[in-house]
Amino acid sequence: MVTIDQLKKEQIIPDVLPEFAPQDVSFKVTFGSHNVTGSEIPLDAVQTQPQVSLKGEEGQYYTLAFVDPDAPSRSSPSNREWRHWVVVNIPSSDFSKGGHLSDFFPSAPPAGSGLHRYVFILYKQNGKLVASHFDDTAETKARSKFHVSDWAGKFNLTPISATFYLCQKS
């Protein structure tokens, strides 16, 4: 995982998340041999759904959101935030049992747009959510300008952990 200081250094706080108090939960994201810990990962390594491991509070449900705040570029983020993945109602220790509101969409930074910050946010739920699957039929429109913090606020989700990686297309 990454620290609050790392999230601030990369301006994930405040670009994506407000300042929050991390909670003691085991949360790990990996793409093959690449751990998501705030470093740069090659584009070809992040094209398939990552492995997510979670060990949280017994009986608690969690939500995972994965966004790119730098769409189409960090200097001109007119589509902030691009929604790459949303999984809700994840039981405390079995990620595979969560419900996919938005299927995984791999990283796809435009060539020459520089490094993008790809952010995974783990939220604590206040009980099981009843939420509709996102309409991704118009793929580009449905995923752009997501604003994960606003969406999370509608469901009273509390951010408790986050991690990120950097990626670019040469």
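1. Strand β1 and strand β2 (residues 34-35) pair in the antiparallel sense, and two bridges hold the pairing. The model in which this is seen is a predicted one. β1 and β2 form a hairpin with two residues between the strands. Within that hairpin, Gly32 has a positive phi near 60°.

2. β1 has a second pairing to look at. Strand β1, residues 26-31, runs antiparallel to strand β3, residues 51-55, and five bridges join them. Which residue of β3 is the bridge partner of Lys28? The partner is Ser53.

3. Next comes the open sheet. Five strands form it, in the order β6-β5-β4-β7-β8, with antiparallel pairing. The edges are β6 (99-102) and β8 (158-167), each of which pairs on one side only. From one strand to the next, the twist averages 15°.

4. Strand β4 covers residues 61-68 and strand β5 covers residues 82-91; the two run antiparallel and are joined by seven bridges. Across this pairing, Phe66 of the protein stands opposite Trp85 in β5. When following the side chains, keep a general rule in mind: in a regular strand they alternate between the two faces of the sheet.

5. How many helices and strands does the protein have in total? The count is four helices and eight strands. In sequence order the pattern reads α-α-β-β-β-β-β-β-β-α-α-β. The radius of gyration is 15 Å, close to the 15 Å that the globule rule gives for 170 residues, so the protein is as compact as a globular protein of that length.

6. Overall dimensions can be given as a box. Taken along the principal axes, the C-alpha atoms fill roughly 45 × 35 × 30 Å. The protein exposes about 8200 Å², and carbon and sulfur atoms supply 48% of that area. Of the 170 residues, 49% are buried, where buried means under 20% relative accessible area.

7. The last point concerns contacts along the chain. Among contacts with a separation of 6 or more, 76% are between residues 24 or more positions apart. For this count, contact means heavy atoms within 4.5 Å.

Methods. Residues numbered from 1 in each chain as written. Predicted model: local features only at pLDDT ≥ 70, side-chain atom pairs only at ≥ 80, totals over all residues. Heavy atoms only, no water. Pairing = 2+ DSSP bridges. Axes fitted to C-alpha atoms, helices over the stretch in contact; angles between N-to-C directions. Rg over C-alpha atoms; globule rule 2.2 N^0.38 Å. Buried < 20%, exposed > 50% of the residue type's maximum accessible area, 1.4 Å probe, protein only. Areas by Shrake-Rupley, 256 points an atom, 1.4 Å probe, with all protein chains shown as cover.
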